[in-house]
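Let's take a walk through this structure together, with the sequence alongside. Keep the display open and follow each stop as we come to it.

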Amino acid sequence: MTSPVLVIGATGTTGSRTTARLTAAGHRVRAATRRTTHVPGAEPVRFDWTDPATHAAALDGADRVYLVPPVGDPDPAAVMLPFLDRARAAGVRRAVLLSSSAIPSGGPAVGKVHEALPGLFPQWAVLRPSWFMQNFTGTHPHAVSIREEGVIRTATGTGRIGFVDAEDIAAVAAHALTDERAPNTDLLLTGPQALSHDDIAAITTDVTGHPVAHRHLTRTQLRDHLTAALPPEFATMLADMDHAIAHGAENRLTDTVHRITGRPPNTYRTALKREQRPTTRT
Ligand SMILES: NC(=O)c1ccc[n+]([C@@H]2O[C@H](COP(=O)([O-])OP(=O)(O)OC[C@H]3O[C@@H](n4cnc5c(N)ncnc54)[C@H](OP(=O)(O)O)[C@@H]3O)[C@@H](O)[C@H]2O)c1
């Protein structure tokens, strides 16, 4: 029997789509999450980053792994690096890490894992996607406020972002995991257009038929708004990221999706039409 690809975070935004692509292409996938949820076509395994007792069974026989870091953990390297040592010892040869366009190698949080990856595995890739289009369609706070109030609140001003479709991230992940040659580099992933949140509001209004407005907040207003639901340090970090976007930090486009998959990345309008059901206000 062929070795399974271990997909950590297999029920999440990118992991579920990566799993679907791998199984459709005939690969054996072991779907790892804290709850052993049924993932069509995959073998479920219970896995918790914070519980090393769950790690050996997840790794057993796997030779490649997709890594979604523990969500919301300010220091993911603390649990990920010991796991990656175990993975290497267990025979994993290729690791594909989900990071972010905002975090370079050696940067904060998952940047430390990025920095370590080339020294741990002979075959590797770090996916560095821009902001996800699915932030406006799934369970992200933007999607919720669109559905419930018809607003998006940011401190991004008129700053633009190369929003990327999670389907395109998954398509690149599947290539990075299974192509004969591993990328052995980091991959900055964007969609085809740099859009402001005013643009996002206008397209969402047009596609869904429900008015959506972009509320322009200051960095402090956004931090205070987020502090109602998030730890203060995390709220400050998110508000700072919006402030950086307002000053052009994410105003860039790359050809990486096209280069790796052989087709152009999807527009926000296309992704939204495909996923319109969750954005329709109830
Ligand atoms: N949203 C954006 O715009 C954006 C942009 C760039 C980068 N990113 C990065 O994308 C990452 C999130 O990836 P995603 O959207 O694919 O994931 P996601 O939709 O947030 O789902 C997280 C997945 O991980 C699992 N999980 C959560 N905690 C876990 C734990 N302690 N142990 C094992 N599994 C755990 C979840 O399943 P269970 O709950 O069942 O365990 C779920 O399958 C973050 O690191 C973020 O920085 C996001």
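Predicted model: local features only at pLDDT ≥ 70, side-chain atom pairs only at ≥ 80, totals over all residues.

The protein chain has an average pLDDT of 95, and 98% of its residues reach at least 70. One stretch to treat separately is residues 278-282, where pLDDT stays under 50. For that stretch the model has 16 contacts beyond four places in sequence.

Now turn to helix α1, which covers residues 13-24 and so, by its numbering, holds twelve residues. From its first C-alpha to its last, α1 reaches 17 Å, close to the 16 Å expected at 1.5 Å a residue. Which residues of α1 are buried? They are T14, G15, R17, T18, T19 and L22. Following α1 you will find G26, and its phi is positive, near 90°.

Helix α1 also brings us to the ligand. Of the shell around the ligand, the largest share, three residues, comes from α1. In total, 24 residues surround the ligand, and the closest are T11, T13, T14, R34 and F132. If you zoom in on T14, you are looking at a residue that is buried in α1 and is also among those closest to the ligand.

What about polar atoms around the ligand? A polar side-chain atom of T11 sits 2.7 Å from one of the ligand's oxygen atoms. F132 takes part through its backbone, with an N or O atom 2.8 Å from an oxygen atom of the ligand. W49 has a polar backbone atom too, and this one is 3.0 Å from a ligand nitrogen atom. As for surface, the ligand taken alone exposes 930 Å², of which the protein buries 81%.

For a last stop, find E115 in helix α4, which spans residues 111-120. Is E115 buried or exposed? Its relative accessibility is 51%, and because residues over 50% are classed as exposed, E115 counts as exposed. Leaving aside residues up to four places away in sequence, E115 touches S105 and G106.

How values were computed
Residues numbered from 1 in each chain as written. Heavy atoms only, no water. Helix = DSSP H or I, 4+ residues; strand = E, 2+ residues; numbered from the N terminus. Expected span 1.5 Å × (residues − 1). Buried < 20%, exposed > 50% of the residue type's maximum accessible area, 1.4 Å probe, protein only. pLDDT = per-residue confidence, 0-100. Contact = heavy atoms within 4.5 Å. Near = heavy atom within 4 Å. Polar contact = N/O pair within 3.5 Å; in protein donor to acceptor, adjacent residues only side chain to side chain. Areas by Shrake-Rupley, 256 points an atom, 1.4 Å probe, with all protein chains shown as cover.
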